Amino acid sequence: MTAPIDWTPKARAVLAAASELFYEHGIHAVGVDTIAERAGVTKKTLYDRFGSKERLVVEYLSARDSEWRQFLAAHLEQAGRTPHEQLRAVFSASAAWSQDRGRKGCSMINAYAEISDPRHPAHAVIVGQKRWMLTLFTDLAEAAGVAEPRLVADRIMLLHEGALVTAGMGIVDDAFAHAAACAAALLA
């Protein structure tokens, strides 16, 4: 079992630096020397706190996922209770997140482009986040009473993920609004 991380100020500085660099430049493109320098620590400190770059990648993705879930929960709390209102809140939250924290697209999708090996410890975080989103969409489809909730959830997931990618690339104007309209029609 992996030992828990001692979240000292230096460990937090390392994670903050790694998070910024990994998102901006990609996981494989950023070395531990660069992370340590940005965090203002030595490589030894980085390894003392995280053990490996692999563990640091897991912590980066886990933190990003946790932030997203909290961000989404706040949006869902403010939305109405109907499945349609909740679905709109998901797409609205995604649009706000993308504009504020995701101009380079989804960190999980970006990470998956670099880490597709199921044996890599970060793989479970990446896939787990997407499965969690699919479960959310399935729950909304079931609550809406559609005939085939899993099929509808799969389609909503595809719309959501497509909006994430195209919004990050700037390909489709108002990608989340268009995807939300299509998703709402699926719940009708």
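# Legends to the close-up views

**View A. Aspartate 174 counts as exposed, at a relative accessibility of 59%.** Exposed means over 50% relative accessible area, buried under 20%, and partly exposed in between, computed with a 1.4 Å probe on protein chains only. The structure is a predicted model, in which local features need pLDDT of at least 70 and side-chain atom pairs count only at pLDDT 80 or more, whereas totals for chains, interfaces and linings use all residues. Residues are numbered from 1 along each chain as its sequence is written, and side-chain values use heavy atoms, with hydrogens and water left out. Aspartate 174 is not a glycine, although its phi is positive, at about 55 degrees. The residue belongs to the loop between α8 and α9 (175-187). Helices are DSSP runs (H or I, at least four residues), as are strands (E, at least two), and both are numbered from the N terminus.

**View B. The chain contains nine helices and zero strands.** Along the sequence, the pattern reads α-α-α-α-α-α-α-α-α. The C-alpha atoms fill a box of roughly 55 × 35 × 30 Å along the principal axes. Of the 188 residues in the chain, 44% are buried. Contacts (heavy atoms within 4.5 Å) between residues at least 6 apart in sequence join residues at least 24 apart in 64% of cases.

**View C. The largest nonpolar core has 60 residues.** Such a core is a set of buried Ala, Val, Leu, Ile, Met, Phe, Trp, Tyr and Cys residues joined through side-chain atoms within 4.5 Å. Phe22, Ile35, Leu56, Leu61, Phe91 and Phe137 touch the most other members. With its neighbours within four places in sequence left aside, phenylalanine 91 is in contact with Phe137, Ile156, Leu159, His160, Phe176, Ala179, Ala180 and Ala183.

**View D. A salt bridge joins the side chains of glutamate 20 and arginine 38, at 2.3 Å from N to O.** Glutamate 20 lies in helix α1 and arginine 38 in helix α2 (residues 32-39), so the bridge ties together parts that are 18 residues apart in sequence. Both partners are partly exposed: glutamate 20 has a relative accessible area of 47%, and arginine 38 has one of 44%. A salt bridge is counted where a side-chain nitrogen of Lys or Arg is within 4 Å of a carboxyl oxygen of Asp or Glu. The structure holds eleven of them.

**View E. Aspartate 65 and arginine 69 form a salt bridge in which the closest N and O atoms are 3.0 Å apart.** Both residues lie in helix α4, with a spacing of four residues, about one turn of the helix. Aspartate 65 is buried, at 9% relative accessibility, whereas arginine 69 is partly exposed, at 27%.

**View F. Aspartate 117 and arginine 119 are joined by a salt bridge, with 3.0 Å between the closest N and O atoms.** Arginine 119 is exposed, with a relative accessible area of 73%, while aspartate 117 is partly exposed, at 32% relative accessibility. Elsewhere, Glu24, Arg103 and Lys104 belong to one network of salt bridges that share partners.

**View G. The largest pocket holds about 150 Å³ of space.** On a 1 Å grid over the protein atoms alone, a pocket is an open set of points with protein on both sides within 12 Å along at least five of seven lines, a cavity is a set of points where a 1.4 Å probe fits but cannot get out, and lining residues have an atom within 4 Å of a point. Grid points are joined across faces, edges and corners, and a volume is the space filled by probe spheres set on the points. The lining of this pocket consists of Leu15, Ala16, Ser19, Glu20, Tyr23, Tyr60, Ala63, Arg64 and Glu67. At least two lining residues come from each of α1 (9-25) and α4 (53-78), and α1 gives the most, with five. By class, five lining residues are nonpolar, one is polar and three are charged. Nonpolar covers Ala, Val, Leu, Ile, Met, Phe, Trp, Tyr, Cys and Pro, charged covers Asp, Glu, Lys and Arg, and polar covers the others, Gly among them.

**View H. The structure has one cavity of 30 Å³ or more.** The volume of the largest cavity is about 200 Å³. Its lining has 17 residues, of which Trp68, Trp97, Cys106, Gln129 and Leu164 are the closest to the centre. Two or more lining residues are given by each of α4, α5 (83-101), α6 (107-114), α7 (121-144) and α8 (149-169). The most come from α8, with four residues. Six nonpolar, eight polar and three charged residues make up the lining of the largest cavity.
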